[in-house]
Amino acid sequence: MSTILSALNASADQSRSAAESKTASLADGLLAAGVAAETLAEARDAKNRNGAGLVGELLRRKAIDEVRLLRLLAEHFHLPFRRELPMESINIDFTQSVPIAYLKKHKIVPVITAETRAIAINDPANFQPADDLRVLLEMPDLSLVLAPQDAILAAINLAYDMSRASAKDYFDEISEESADDLISEISETADLLDETSDAPIIKLVNLLVSGAIKDRASDIHVEPYSANLKIRYRIDGILYDILSLPRRIQSPLVSRIKIMARLNIAEKRLPQDGRIELKIADRLVDVRVSVLPTAFGERVVLRLLDKTSSILRLRDLGMHDERIRLLEKLIKSPYGIILVTGPTGSGKTTTLYAALSTINRPEINIITIEDPIEYQIDGVGQIQVNPKIDLTFAAGLRSIVRQDPDVILVGEIRDRETAEIAIQSSLTGHLVFSTLHTNDAASAVTRLIDMGVEPFLVTSSVVAIIAQRLVRVLCPHCKEIYTPDEETLANLGLPGSALRDNTFYRKKGCNLCMQTGFRGRTAIFEILVVDDAVRKLVLKTSDANQINELAVERGLLTLQQDGIQKVLAGTTTTEEVLRVTRSLARKEDIVQET
């Protein structure tokens, strides 16, 4: 008996010694990686005191970069490390049996694909939740991989987002059971507060919004007609029919949205505007609500803005390197006006934000006046236009000039007063960014002069004009090669020889792009630099065609030409470029084509 006890004690001593040796070697590795000995000791104390993981404690103290730490742990524990997880092919069956809160708390997620059967974890010492997950899923063979927190959380959110029922599925489900009873019960409710607190309507609205975010929609349209209520999503700039509901759903649905936006639910004769702030998974979404009375009831449009999206850089906008260098030079001008033009929804504000973030430094004072403020930028003073208290673009701009700014952003030049103040600001040593609604870059000069601005003020203040449009990007998973016909090439101004040297793609459609063939958008640009030659012409005439012809002679790459380059690069299609630039064609050209 004593012999057995001695053997057990010796074995325990060996295990303890091995564990201590392993811990010591890990500590040596962390110290060698740059973790201060004092910080490591504090993290260990906190770990022992409150049961937190060593990884979490080190990251909380910013003692070491997460990727570097995980690579070190992966080598130490002989585990594979994955910087990114296979998001698109992940099996989401586990969402039916595992609560999302459990996975987020322990920062673990099952990664089950055709090639991988594992549990992604962030802390290899936190093995108990992974063991419990194996038992819960009845998959004892799942191995472990290390992954960063953001990759794990992104996989969790995507899986549960994909598993969430759509509004259509939900309505089909209740329709099978008792749709008539449900609708009549809601319709007969006298008190609007009571009817909007009805659980089915709350769930329907939640599903509409979460479904829109999942489908990357920018807008939700709730449109009443004589026989039905139509729900549409705007995805990548195009409206798609999503759901057709019975007409009786309209009143409780609109009332629920009004309650969420803190609008007057009793007022149904006047337009109303409001705002909703939502949190879906780890995403903050700002929803602007517009309610408009129509012949068949109130029509609602919800504009969705994901506030967790990072501000794009100039290189993310879709410009070629040469144009990026030109734009970087222009936005570093000490004074003058840089205008971005295009129709509503063409990405003008995104371009301006990218420009501001490029030049945003502590030594520069940047102030903006916007309607609305779409993204908050650290280090930039942003003012929201409020017409109710006479805080207009012009009034705000007057006050901004007295705040000692270096750079000013005016959300939009809408009238002569705003234009003149912006020009005076640029002439007194400020760099001013703003937007205009015109078809192309040359038309911006004509528009300013039409507002009443003197041509000599335009030529002495405007540095450059950027026109842009958004084109949809072909889905990389399903786009297919094809040979365009001669008419298509002619419409783009391409010779037949272009077929020999280039590959053309067209849309097809798959589950990842909702069968549309497109996924995301990119911009096409034309940048008109107002140089001496352009200034001389503007002083003689404000004709946009003449200004454009001169600019093209001097090397201007037009919107359509930029679009053609993106077609040849396989980014978009000929139809997309023609769709957004066809309106720029001259009238006589259109007549000849038809």
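Colleague: In this predicted model, which residues of helix H11 are buried?

Modeller: Burial is read residue by residue, with under 20% relative accessible area as the cut-off. In H11, the buried residues are Gln250, Pro252, Leu253, Val254, Ser255, Arg256, Ile257, Lys258 and Met260. Nine of the 11 residues in H11, which spans residues 250-260, are therefore buried, and the helix is largely enclosed by the rest of the structure. Just after H11, Arg262 has a positive phi of about 55°.

Colleague: How many residues of H16 are buried?

Modeller: Eight of the 10 residues of H16 are buried, and the helix is mostly covered. The buried set consists of Ala441, Ala442, Ser443, Ala444, Val445, Thr446, Leu448 and Ile449. Gly452 follows H16 and has a positive phi, near 110°.

Colleague: At what angle do the axes of H16 and H21 cross?

Modeller: The axes of H16 (residues 441-450) and H21 (residues 544-553) cross at roughly 140° and come within 8 Å. Angles over 145 degrees count as roughly antiparallel, so H16 is classed as oblique to H21. The crossing of H16 with H21 is right-handed.

Colleague: Which residues of H16 and H21 meet?

Modeller: An α-helix has 3.6 residues a turn, so residues three or four places apart point the same way. On the H16 side, Ala442, Ser443, Val445 and Thr446 take part, and they meet Ala544, Ile547 and Asn548 of H21. By class, this contact of H16 with H21 comprises four nonpolar and three polar residues, with no charged ones.

Colleague: How do H14 and H15 pack, roughly parallel or roughly antiparallel?

Modeller: The angle between H14 (residues 393-401) and H15 (residues 416-427) is about 20°, and their axes lie 9 Å apart. With under 35 degrees as the cut-off, the two helices are therefore roughly parallel to each other. The handedness of the H14 and H15 crossing is left-handed. H14 contributes Phe393, Ala394, Leu397, Arg398 and Val401 to the contact, while H15 contributes Glu417, Thr418, Ile421, Ala422 and Ser425. The residues of this contact of H14 with H15 divide into six nonpolar, two polar and two charged.

Colleague: Which residues does Asn228 contact, leaving aside its neighbours within four places in sequence?

Modeller: Contacts of this kind show which parts of the chain a residue meets beyond its sequence neighbours. Asn228 is in contact with Glu223, Ser244, Leu245 and Arg247. Arg247 lies 19 residues from Asn228 along the chain, yet their C-alpha atoms are separated by 4.3 Å.

Colleague: Where does Asn228 lie, and what is its relative accessible area?

Modeller: Asn228 belongs to strand E5, which covers residues 228-235. Its relative accessible area is 23%, and Asn228 is therefore partly exposed.

Conventions
Residues are numbered from 1 along each chain as its sequence is written. This is a predicted model: local features need pLDDT of at least 70, side-chain atom pairs count only at pLDDT 80 or more; totals for chains, interfaces and linings use all residues. Side-chain values use heavy atoms; hydrogens and water are left out. Axes are lines fitted to C-alpha atoms, for helices over the stretch in contact, and angles run from 0 to 180 degrees between N-to-C directions. Helices (H or I, at least four residues) and strands (E, at least two) are DSSP runs, numbered from the N terminus. Angles under 35 degrees count as roughly parallel, over 145 as roughly antiparallel, 65 to 115 as roughly perpendicular and the rest as oblique. A crossing is left-handed if the near helix is turned anticlockwise from the far one by less than a right angle, and right-handed if clockwise. Contact means heavy atoms within 4.5 Å. Ala, Val, Leu, Ile, Met, Phe, Trp, Tyr, Cys and Pro count as nonpolar, Asp, Glu, Lys and Arg as charged, and the others, Gly among them, as polar. Buried means under 20% relative accessible area, exposed over 50%, partly exposed in between (1.4 Å probe, protein chains only).
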